[in-house]
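Trainee: I've got a new protein on my screen and could use a hand reading it. Can we go through it together?

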Amino acid sequence: MVHKMQKVERQLSQEDTLALLKKGDHGTLSVNGDDGYPYATPVNYIMVEDKLYIHSAPYGYKMECLEKSKKCCFSAIISSEIIPSKITASFESVVMIGDVVFVEDQTEKRAALEAFVTQKHPGFEELGFKMIEKQIDKTAVIRIDPTSLTGKRYKG
């Protein structure tokens, strides 16, 4: 499912989009909710070898929705700034449409969780790795396999 961007001059290449995504750490995961309503929730994420991972409790409404339908949309605003004098804003954003994979392989799961620690909590690796040992069986890790990935940049 690929939609043409209306202002194509703002669209980033796939390489630039992945680089932009690697700079961020929070986004919104949208899933198919009950009665045809979408459900969106803020999440933190990590990129490992051009793959996006999210960690979660293995239960809750988000996970129930994903059990019913693996289709999702992930979006992130990497940077934004209001420019009052121009009545506009500059921004960098990413939209990824794809399918969720529940990561069951322990090597992949551990690598994703360790990347959260090493990339987002430098200097606290010892504490983070101990936490992973205690929590790995109580933590869900999901990967999004994209069917579409678009990045957008506007400097204002």
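Predicted model: local features only at pLDDT ≥ 70, side-chain atom pairs only at ≥ 80, totals over all residues.

Mentor: Residues are numbered from 1 along each chain as its sequence is written, and side-chain values use heavy atoms, with hydrogens and water left out.

Trainee: What percentage of the residues is buried?

Mentor: Buried means under 20% relative accessible area, exposed means over 50%, and partly exposed is in between (1.4 Å probe, protein chains only). Out of 156 residues, the buried share is 39%.

Trainee: Which residues touch the most other members of the largest nonpolar core?

Mentor: A nonpolar core is a set of buried Ala, Val, Leu, Ile, Met, Phe, Trp, Tyr and Cys residues joined through side-chain atoms within 4.5 Å. The largest one holds 26 residues, and elements giving it two or more include α1 (14-23), β1 (26-32) and α2 (61-68). Touching the most other members are Leu 21, Leu 29, Tyr 45, Leu 52, Ile 54, Phe 74 and Ile 144.

Trainee: Which residues does Leu 21 contact, beyond its neighbours within four places in sequence?

Mentor: Contact means heavy atoms within 4.5 Å. With those neighbours set aside, the partners of Leu 21 are Tyr 45, Met 47, Leu 52, Phe 74, Val 94, Met 96 and Leu 149.

Trainee: Why do the buried residues of α2 lie on the same side?

Mentor: The buried ones are Lys 62, Met 63, Cys 65 and Leu 66. They sit on the same side of α2 because the arc they cover around the axis, taken from the directions from the helix axis to the C-beta atoms, is only 160°. On the other side, Glu 67 and Lys 68 are exposed. As for what the buried residues of α2 pack against, that's β1, β2, β3, β5 and β6.

Trainee: How does His 55 count, and at what relative accessibility?

Mentor: You'll find His 55 in strand β3. Beyond residues up to four places away in sequence, His 55 touches Asn 44, Leu 113, Phe 116, Thr 139, Ala 140 and Val 141. His 55 counts as partly exposed, because its relative accessibility is 31%.

Conventions:
Helix = DSSP H or I, 4+ residues; strand = E, 2+ residues; numbered from the N terminus.
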